[in-house]
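Q: I would like to learn how to read charge pairs, helix packing and surface patches in a model. Where do we begin?

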Amino acid sequence: MQLAVNIAVLASIYALICCGYVLIYRVSRVLSLAHGELMMLGAYGLYVTASLFSGQPLVALAAAGALALLVGIAVYVALIWRMTGESVLAAVLATIALGILLRGAMLVAFGTQTQYPLRDLGWQNVSLPLGSASVSAVGIALVASTALVYGALFAFLHGTRWGMRMRAAGQNPLLAAQRGIRLHGVYALAWGLATFTGGLAGMLIASDAGIESTLAVIGLKAFPAALVGGLDSLVGALVGSLVVASAEVLLIHYVDPLLSEVVPFFVLLAMLVVRPWGLFGTREELDRV
Amino acid sequence: MNGTARITCAAALALFSQASAAQDAYVVGWTAAMTGPQAGILAPVVEMAGAYVNHLNSRGGINGKPVRLIVQDDQGEPSRAAANAKKLIGQDKVSLMLITSVSSTFAPVVAETRRAGVPLYFAGAVCPKETLPPADPLQFCSTAFGATLDSQAALAFIGKNSKEPVRLGLAAMAIPISRGEIDYAEGLANKLGMTAVEKQITPPPTPDYTPFATKLKDANPNWVWAWSPWFSQVRTYEAMRRIGWTGRYLTWAHLNAEEELERIKDPGFYVIGTNALFQDNLPIQAEIRAVAARANVKYPTTYLTEGYIVGLVLETALRGAGWPPTPAKAAAAMSKLKVDLKGLRGGPLEWTKDNHFRTRQYYRVWHWDAAKGAVVRVQDWQAIEVKR
């Protein structure tokens, strides 16, 4: 039972992070390699709002979420928009530069000390029994947030006008533009949502373990899960996260904990050999990559 | 004068003034991980030692000459550390090199300093075995933790404080120094009649420690000994508690231990270390506070003992080297050095011709006392002789 709980929590972490990779790639074909840093910035956002709205944890959480959304939109407007007309590779390189810049800026602004936003919110990460297993409150929040985020995204993409525009822009930007869809607005929204979900993952991981400088690297650790599922599929991101998390947890328990570092990449390699476009990815999309 | 000539003159002037300043000062080079994943426990050492040197210079320096510290950030990357060492030795002509970085940066810096005959002082970084007897003539170390000695002290404490047979869990991080220590502890535990029931090695960035903690908990240890960077030690412990483990956890007291004991507030969580905590309120700790405040050091005072010790050692070594300093004179002074640490550790720090670590290592253990609502000492200084 404990193993099942561990898989669910780890898969939720990966799925929440992957969501951002998929949203941006699906809509604009850009692979954001600054996602880990944006995730870490989201965690620092919560640390700041927890201090600003001391004693009002829900307000602090909402403010941190809104801040993450705005940061994503700002990144698009200030940087990615300027890459319009350039090759996709140039945009990817721009995200690498952005990541380095953000890492340096966060170091200057927040130093190297570990910060604990959950403590600043006045909450504790208590342990809760779940059958014969135990799960932390943050673990439950992770699973619930992932379910909520994916549910909301499916509803948004399939049931709203903006969601439909986003899908149209992803499928054929030229045709979408000719039909009057404002592509920059759609792309900015995709960046905003991706940074919001990544920031949420950062906030939850930081609530469990504090904000460490390794948080940005965890963002990259989830990347194989996105590729295994298919880089342009949200369902794929969910399934890929579950596959990678299951392999990781089971190998830690039954074989060797050291394998946890390599197993996501081993699963990824196996997938690339058998089905390079991922479990739910589109073959045509991968050919373009 | 045209622009190019002006720039050339300015550059020549800058070089000349730098060379003059170097001749009038004790020049010490320092490659350090001021940024990067381990900066949280390494950068405070450099900042505090820098504050100490400023304080020293404000009192007239050494033998009437100021000390000039040149700190170069290596971000914990071997290539940057090598470039720093080359620049500091070749260009800045330092008499002494310090390193406060991760162990992967050591090899290139050791190679550079060895080639130039410059003594290398590991200050807050892991002490390499070359500083232990029989020591390399050019390598020195004052860092609190010491491989193998720490496990000896830790397991002795566990043995003394266990009424029931010890079922020992071991936790390390997937870096050579941490794994080596925990492997050593596993062998030592068996020799001491303890049962090493499980050993968990976590990778450096891991989003969730629970899968590792689950395996450790399932082996049902009544004690766990962890020796790795702080975040790895404490995350494994916290994950074990959350899945219901009730045993006792002993771990190394890094710079942030005092602050963390107060955050965690668990009587079953112990830290073992060689630096006194600030709860002792020693006169020298008041001095550390004052020096740090004057220099506007941004870290909590409880993080600064290690850096202050580096400052004390540096002052003693440079005084011993006399004026003008040379690398050979600095190395000779460091090979017969004794620094009174005024209670910051259990005894003085002493380097001899073949022991550049310390002749005796002293350990204390602390935990959170729920009844008193405070961090309390559960073992006073216990000495281990450092022998060949």
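This is a predicted model: local features need pLDDT of at least 70, side-chain atom pairs count only at pLDDT 80 or more; totals for chains, interfaces and linings use all residues.

Q: Which residue forms a salt bridge with B:E260?

A: First the general idea. Side chains of opposite charge can pair when their charged atoms come close. Here the partner is B:R263, and the closest N and O atoms lie 2.8 Å apart.

Q: Why are B:R263 and B:E260 separated by about one helical turn?

A: Look at their spacing. Both sit in helix α9 of chain B, residues 257-264, and they are three residues apart, so about one helical turn separates them.

Q: Which residues are joined into one network by salt bridges that share partners?

A: Follow the shared partners. The network holds A:E212, B:R235, B:E238, B:E260 and B:R263. Over all chains, the whole structure has 24 salt bridges.

Q: Are B:D92 and B:K87 buried or partly exposed?

A: Read each partner separately. B:D92 and B:K87 form a salt bridge, with the closest N and O atoms 2.8 Å apart. B:D92 has a relative accessible area of 5%, so B:D92 is buried. B:K87 is at 24% relative accessibility and therefore partly exposed.

Q: How do I read helix packing: are α1(A) and α9(A) roughly parallel or antiparallel?

A: Take the axes, then the angle. In chain A, the axes of helix α1 (residues 2-28) and helix α9 (residues 183-209) come within 8 Å and cross at roughly 170°. The two helices are therefore roughly antiparallel. Next, list the contacts. Residues of α1(A), including A:I13, A:L16, A:G20 and A:V27, meet residues of α9(A), among them A:V186, A:W191, A:G198 and A:I205.

Q: Which residues form a nonpolar patch on the surface?

A: Look for nonpolar side chains grouped there. A:L89, A:L93, A:I96 and A:I100 form such a patch, with about 390 Å² of accessible area together. Take A:I96 as one member. A:I96 is in helix α4 (residues 88-110) of chain A. Its relative accessibility is 34%, so A:I96 counts as partly exposed.

Note on methods
Residues are numbered from 1 along each chain as its sequence is written. Chains are lettered from A and ligands numbered from 1 in the order in which they are written. Side-chain values use heavy atoms; hydrogens and water are left out. Patches are made of residues with over 30% relative accessible area and no salt bridge: like charges are joined within 9 Å, nonpolar side chains (Val, Leu, Ile, Met, Phe, Trp, Tyr) within 5 Å. Accessible areas come from the Shrake-Rupley method with a 1.4 Å probe; for residues, only the protein chains shown count as cover. A salt bridge is a side-chain nitrogen of Lys or Arg within 4 Å of a carboxyl oxygen of Asp or Glu. Helices (H or I, at least four residues) and strands (E, at least two) are DSSP runs, numbered from the N terminus. Buried means under 20% relative accessible area, exposed over 50%, partly exposed in between (1.4 Å probe, protein chains only). Axes are lines fitted to C-alpha atoms, for helices over the stretch in contact, and angles run from 0 to 180 degrees between N-to-C directions. Angles under 35 degrees count as roughly parallel, over 145 as roughly antiparallel, 65 to 115 as roughly perpendicular and the rest as oblique. Contact means heavy atoms within 4.5 Å.
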